[in-house]
Amino acid sequence: MQSVTMPRAKQPASAVRAALTLIGFSAVIGQIVLMRELIVVFNGNEISLGIMLSTWLFWTAAGCGLSSGFALGGNDARRAVAALECLLGTSLLPTIWALRASRSFFQTVPGELVGPAPMLLTSLACLSLFCVVAGSLFVAATRMYEQECAVSARVATSSAYLLEAAGSAFGGILASIVLLRFLDSFQIATVVAVMNLCMAAVLLLRMSRKQLGAVTVAAALFGILLLIYVAPTLDRSAQARQWWGFRLVGSRDSIYGNLAVIETGNETGNTDTGNIRSIYDNGVILASAPDESAAEEAVHYALLEHPAPRHLLMIGGGVNGSIAQALKHPTVERIDYVELDPALIGIARQFFPAQSAPVVSDPRVHIHYEDGRHHLKTAGGTFDVIILNVPDPQTAQLNRFYTAEFFRSARDHLASGGLLALQLRSSEDYISPDLAEFLRCIHHTLRQVFPYVVAVPGETIHFFAATRPDVLTDNPQTLIRRLQERNLRTQYVREYFIPFRMMPDRMEQVREQLRPLTSTPVNRDFEPIAYYFDV
């Protein structure tokens, strides 16, 4: 029986190996950039990421199937790979633009939150080109490896997967350490485009080393010009479309996402004439200024509940003037302010200078750039008052601050006689059944950890929780007396408004609405029911 042997595999050409590595590099960077874009479009909702990943797999598989079914490349796979490299490199830019522009198609009102159906349709439409090309390119590049390296299909496939995985790993590391820190989305997409176009030229022209060096230098110079002059212009234009219905006055990317400053009011662009600016983090509103009412209510009710607050921990929300309000209390000696993203402080100093000045200038304020839950786990000492000043749990990331596990961590860091304070959106007059169920869940979760909880109704409902019966008060006269003793100059938390907020019939009504039912769940880290209520 005559044995059949495969030809000895030749050492693959550098261009072939580089092309396969670049596929993984481009795909993972594209995925990272598009995921960051999508979560901004859908207001930080992590459900959009799951939908995007499933859509990504669907279109990539479709591209692989099409490339295999039509035998793309045939006997000249190198030419097919070069063409697909050009298409892949240039498709990321319009994909980012399409994602940002998609907001105006499914939001009937600017700022409206949307559900899973628009997320799915947007992902299917916007990601189709890039993902189909990426899937087709992998199959064509595998066929190129088989042809030019004289190996079997099995060896070519395994080698292609290995090189593609190496490119993905390198792309992920480079994006995390360098690209996301210093470049915006369109600049990153420009880098990907230039690299893929250069690779296409190398594959088609089979250059010598000297020619390759000259092309590399020329591409680098051309790419730098695009990064400096073209990509930022495209980025600003696309962001303006993304924030349709608003006036975008500033934006900044960080490793944690996108920060945008939106302005509403008159058209003069001067905040002294009535304009209000709001900071959005990945599409979720964090703070507005000037908004004295929100700044005062965020801290004064909590600090007035304590007879002599000295050490305050504030988790989030300090850039709208809340820190300045807290410093008005004469007994306050130290404020530990925890904020995850340093870029937020930087953009607040630029656009909220009056409100954010005490954050960085007052020696009593100590800023900690870390996750609030991590800070509580690692912080030493205790606090008289812990104020949770983050948005409602409309995302899984935010929901972590409204769970029984977080409340237990806060309880363990309260001094004797200390209290935890938080606030949630509510209604001044009528609380709907859905909203009541949501608020009841948070209240029930608090009561699992703290035996004593007081709720103050209003457009924003305030929860105060303590472990001792003599800490909290629902008597408005007690708060008014402390307000006067501390000589606090406030506009909205005043002696004529506190009794209205804490009228006995209103307090009793909210107690009835928050009384837990047998079906009221507890919000936990691995059972984030409050997140589902809010969604």
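Student: What do the numbers rest on?
Tutor: Residues are numbered from 1 along each chain as its sequence is written, and side-chain values use heavy atoms, without hydrogens and water. In this predicted model, local features need pLDDT of at least 70 and side-chain atom pairs pLDDT 80 or more, while totals for chains, interfaces and linings use all residues.

Student: Why are S1 and strand S2 said to pair?
Tutor: Two strands pair if DSSP finds at least two bridges between them. S1 and S2 (residues 257-264) have 7 bridges, in the antiparallel sense, so they pair by that definition. One of the bridges joins Ser254 to Gly257 in S2.

Student: What makes S1 and S4 edge strands?
Tutor: The open sheet of 4 strands runs in the order S1-S2-S3-S4, with antiparallel pairing. Strand S1 (247-254) and strand S4 (284-289) each have a single partner strand, so one side of each lacks a neighbour in the sheet.

Student: What makes a set of residues a nonpolar core?
Tutor: Its members are buried Ala, Val, Leu, Ile, Met, Phe, Trp, Tyr and Cys residues joined through side-chain atoms within 4.5 Å; buried means under 20% relative accessible area (1.4 Å probe, protein chains only). The largest such core has 59 residues, of which Ile29, Leu34, Tyr145 and Leu203 touch the most other members. Helix H1 (14-41) is among the elements that give two or more residues to this core, and H1 supplies the largest share, 13 residues.

Student: Which residues does Leu34 touch?
Tutor: Not counting residues up to four places away in sequence, Leu34 touches Met52, Trp56, Leu92, Thr95, Ile96, Leu99 and Leu127. Apart from this core lies another, of 47 residues, including Val261 and Val454.

How values were computed. Buried < 20%, exposed > 50% of the residue type's maximum accessible area, 1.4 Å probe, protein only. Contact = heavy atoms within 4.5 Å.
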